[in-house]
Amino acid sequence: MLTEYHVYNTIIEIRRIDSINTVIPASNSTFPLFTVKFRNSTLGLWKISLSEPVLTLPSFSCYLVQIETGDLGDVYKIRVSCDDVPGFKGWHLKSFHLQELHTKQELNFECNCWLVLKKEDKELVKEFPAVTGGQKTFPVYKYVVSVHIGDRWGAETFANVYLTLYGKRGDTGVRKLHTSLTKGRKFQRNKVDSFLVEAVSLSHLQKVVIGHDGEGYGAGMYLKMVTVKESPDSDKEWVFPLWNWLDTHLGLCETVCEIVTV
């Protein structure tokens with residue numbers, strides 16, 4: 001039995017705005033920083049690494065990359081991330097354009113943002129909805145994610161904490177919880193830390209996956225719950241209760257867990 005596979009040649013054009021704080025690779029270098037993920041209407045996920053492109057044409061305004069992909073389907077958002085490598089001062093990403101070479105079908109994504117930890121956005125992961133007919137297909141929300149640490153001895157952690165939100169319309173991908181909106185050291189005993197996680201609308205939230213990397217002495221933490229709002233002003237709140245340890249020797253004996261909403 002023969003199975004026919006279609007190979008699609010796709011042009012990706014990434015436009016940037018020059019800045020003193022922008023790292024510009026040498027003309028003979030590869031494109032070292034970006035990973036792009038495409039989310040389509042059937043909730044499939046395609047990942048493309050731009051670290052070794054077939055064709056790279058650097059200039060003062062854009063990078064043009066030609067790659068082979070499978071059928072991406074009806075793409076409605078992309079997720080762009082880059083590595084926080086030593087000496088990386090950040091990128092200002094203006095726009096992102098995708099063209100299927102056979103059909104000439106194009107998708108446009110207006111970005112106009114920094115991917116850097118030292119600017120106002122403080123993010124190395126960004127999501128952008130496709131723009132069709134001059135309109136975005138879905139809104140972008142700044143979800144307020146609150147991590148509730150329990151009131152137990154040793155409940156706090158100094159480890160790096162990561163979280164993924166899942167909804168009816170896909171997920172956010174793994175996000176490191178960098179900057180708390182609450183003053184003081186993060187993830188301390190009987191403390192609630194809130195973080196902004198920007199993503200294309202996920203519709204109704206269903207679950208979260210949260211965990212830490214185990215860095216530091218006594219890295220385990222006692223997590224009461226995670227609560228999520230669609231925006232700082234939203235009355236709608238999803239609750240993900242745990243009331244257990246994220247620790248290699250206590251409670252679940254795991255540092256990562258999946259929690260469904262109640």
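Biologist: How many bridges join strand β11 to β15, and in which sense do the two strands run?

Modeller: The model is predicted. In this model nine bridges join strand β11 (residues 140-149) to β15, and the two strands run antiparallel. Pairing requires at least two bridges between the strands, so β11 and β15, with nine bridges, are called paired. As one example of a bridge, Val 140 has Val 200 in β15 as its partner.

Biologist: What makes β15 and β18 the edge strands?

Modeller: The order of the strands is β15-β11-β17-β18, in an open sheet of four strands with antiparallel pairing. The strands β15 (192-200) and β18 (237-246) each pair on one side only, and are the edge strands. From one strand to the next, the twist averages 20 degrees.

Biologist: How do you know that β16 pairs with β12 and with β19?

Modeller: The criterion is at least two bridges. Strand β12 (residues 161-167) and strand β16 (residues 205-212) share seven bridges in the antiparallel sense, and Leu 163 has its bridge partner in Ile 210 of β16. Five bridges, again antiparallel, connect β16 to strand β19 (residues 256-260); here Lys 207 is partnered by Val 260 in β19.

Biologist: Why is Thr 164 called buried?

Modeller: The relative accessible area of Thr 164 is 5%. Buried means under 20%, so Thr 164 qualifies. The residue is placed in strand β12. Neighbours within four places in sequence being left aside, the contacts of Thr 164 are Asp 171, Thr 172, Gly 173, Val 174, Lys 207, Val 208 and Val 209.

Biologist: Is Gly 220 buried or exposed, and where does the residue lie?

Modeller: Gly 220 lies in the loop between β16 and β17 (221-229). With a relative accessible area of 7%, Gly 220 is buried, the limit being 20%. Beyond neighbours within four places in sequence, the residues in contact with Gly 220 include Gly 154, Thr 157, His 212, Trp 245 and Asp 247. Gly 220 and Glu 254 are 34 residues apart in sequence, with their C-alpha atoms 9.1 Å apart in space.

Biologist: What makes the meeting of Glu 127 and Arg 79 a salt bridge?

Modeller: The side chains of Glu 127 and Arg 79 meet at 2.9 Å, N to O. The cut-off between a side-chain nitrogen of Lys or Arg and a carboxyl oxygen of Asp or Glu is 4 Å, so the pair is called a salt bridge. Glu 127 belongs to strand β8 (residues 125-129) and Arg 79 to strand β5 (residues 75-82), distant parts of the chain that lie 48 residues apart. Glu 127 has a relative accessible area of 1% and is buried; Arg 79, at 6%, also counts as buried.

Biologist: How do you know that Asp 171 and Arg 175 belong to a network of salt bridges?

Modeller: Asp 171 meets Arg 79 in a salt bridge at 3.2 Å, N to O. Asp 171 lies in strand β13 (residues 170-171) and Arg 79 in strand β5, so this pair ties together parts that are 92 residues apart in sequence. Arg 175 forms a salt bridge with Glu 127, and the closest N and O atoms are 3.7 Å apart. Arg 175 is in strand β14 (residues 175-176) and Glu 127 in strand β8, 48 residues apart. Both Asp 171 and Arg 79 are buried, as are Arg 175 and Glu 127. The network links Lys 77, Arg 79, Glu 127, Asp 171 and Arg 175. The structure as a whole holds eight salt bridges.

Biologist: What is the secondary structure of the chain, and how much of the chain is buried?

Modeller: The chain has zero helices and 19 strands. Buried residues are 45% of its 262 residues. Among contacts with a separation of 6 or more, 66% are between residues 24 or more positions apart. The chain exposes about 13900 Å², of which carbon and sulfur atoms supply 51%.

Methods: Residues numbered from 1 in each chain as written. Predicted model: local features only at pLDDT ≥ 70, side-chain atom pairs only at ≥ 80, totals over all residues. Heavy atoms only, no water. Axes fitted to C-alpha atoms, helices over the stretch in contact; angles between N-to-C directions. Buried < 20%, exposed > 50% of the residue type's maximum accessible area, 1.4 Å probe, protein only. Contact = heavy atoms within 4.5 Å. Areas by Shrake-Rupley, 256 points an atom, 1.4 Å probe, with all protein chains shown as cover.
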